[in-house]
Amino acid sequence: MKILNHFFKNLFVFACLSGPCSFVFAQTPHTHQHGFTGAEQWAQVFDDPARDKWQKPHQVIQSLGLKPDSIVADIGSGTGYFAIRLAHMLNKGTVYGVDAEPDMVKYLSNRAQKLGLTNLYSIQGTADSPQLPKKVDLVLFVDVFHHIADRVKYLTALRNTLNPGGRIAVIDFRMDSTVGPPAAGRIAPGQVIDDFKKSGYSVVQEYDFLPNQYFLIFQ
């Protein structure tokens, strides 16, 4: 794990020195690198079974307390690590996997089709909007929130995409985690809470069972 993490830290530095680090979505468990073409190759990282040990996806989903008919938007869905699991669980609901990288959007769409997940829709979002076709009950950011440049503006606009009582869940790397992007590419939980407060939200739940990440829910 240390060797792999070191590799991706170097990849981040190389990518930013080679050109501007523009904003894209895509879940990034080991890196803050911002170019996510080649989804087949990235799937080996994003969907690595070893990630389950510390990401604890099933426990995360159970903690969200979703109803079978819930509508969920997984922003920065990447290759579908969480979106696929959510779609399997919400058999009467709808899951929108949102990503700004076209290759990721295509990959997840094909993956959902192969798995017969007719309740999972892969959508291409932008830096300003997730481009959701309808309002949702939950918005999920996993290892993605630190990528957003103007977070207050984004969160303020996101309020119009939530159903009454809708929530936003943020999972991102702790500043002292040995897994994740370089410290300069992380965002402290206190800053996340401040951004949400400025956007008109309040913290309604906080979990601490993830070894490398904080887990906050806002409403």
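Angles under 35 degrees count as roughly parallel, over 145 as roughly antiparallel, 65 to 115 as roughly perpendicular, and whatever is left as oblique. We'll need that for the helix pairs below. What you have above is a predicted model, where local features need pLDDT of at least 70, side-chain atom pairs count only at pLDDT 80 or more, and totals for chains, interfaces and linings use all residues. Residues are numbered from 1 along each chain as its sequence is written, and side-chain values use heavy atoms, with hydrogens and water left out.

Let's start with the overall picture. The chain has eight helices and seven strands, taken as DSSP runs numbered from the N terminus (H or I and at least four residues for helices, E and at least two for strands). Of the 219 residues in the chain, 53% are buried; here buried means under 20% relative accessible area, exposed means over 50%, and partly exposed is in between, with a 1.4 Å probe and protein chains only.

Helix 5 (residues 81-89) and helix 6 (residues 102-115) have axes that come within 11 Å and cross at roughly 30°. The axes are lines fitted to C-alpha atoms, for helices over the stretch in contact, and the angles run from 0 to 180 degrees between N-to-C directions. Helix 5 and helix 6 are therefore roughly parallel to each other. Their crossing is right-handed, which is the label when the near helix is turned clockwise from the far one by less than a right angle, anticlockwise being left-handed. From helix 5, Tyr81, Ala83 and Ile84 meet Leu108, Arg111 and Leu115 of helix 6. Sorted by class, that contact has five nonpolar, no polar and one charged residues. The classes go like this: Ala, Val, Leu, Ile, Met, Phe, Trp, Tyr, Cys and Pro are nonpolar, Asp, Glu, Lys and Arg are charged, and the others, Gly among them, are polar.

Next, look at helix 7 (151-158) and helix 8 (residues 189-198). Their axes are 8 Å apart and the helices pack at an angle of about 50°, so helix 7 is oblique to helix 8. This crossing, too, is right-handed. Arg151, Val152 and Leu155 in helix 7 meet Gln191, Asp195, Phe196 and Lys198 in helix 8, a contact with three nonpolar, one polar and three charged residues.

Which residues of helix 7 are buried? They are Arg151, Tyr154, Leu155 and Leu158. These cover an arc of only 95° around the axis, which puts them on the same side of helix 7; the arc is that of the directions from the helix axis to the C-beta atoms. An α-helix has 3.6 residues a turn, so residues three or four places apart point the same way. The buried residues of helix 7 pack against strand 1 (71-75), strand 4 (136-142), strand 5 and helix 8.

Helix 8 has its own buried set, Val192, Asp195 and Phe196. Seen down the axis of helix 8, these fall within an arc of 95°, so they line one face of the helix. What covers them includes helix 7, strand 5 (162-173) and strand 7 (213-218). On the other side of helix 8, Lys197 and Lys198 are exposed. Just after helix 8, Gly200 takes a positive phi of about 95°.

Two single residues are worth a stop. Phe141 is found in strand 4 and is buried, with a relative accessible area of 0%. Leaving out residues up to four places away in sequence, Phe141 touches Ile75, Ile148, Tyr154, Leu158, Ile168, Ala169, Val170 and Ile171. Phe141 and Ile171 are 30 residues apart in sequence, yet 6.1 Å apart in space, C-alpha to C-alpha. Val60, in helix 4 (57-63), counts as buried at 0% relative accessibility. Beyond its neighbours within four places in sequence, Val60 is in contact with Gln55, Phe82, Ile171, Phe209, Leu210 and Phe215.

Finally, the backbone. Lys56, in the loop between helix 3 (52-55) and helix 4, has a positive phi of about 45° although it is not a glycine. Lys56 is partly exposed, with a relative accessible area of 27%. Gln131 lies in the loop between strand 3 (120-124) and strand 4, and its phi is near 55°. Gln131 is also partly exposed, at a relative accessible area of 43%.

Terms used:
Contact = heavy atoms within 4.5 Å.
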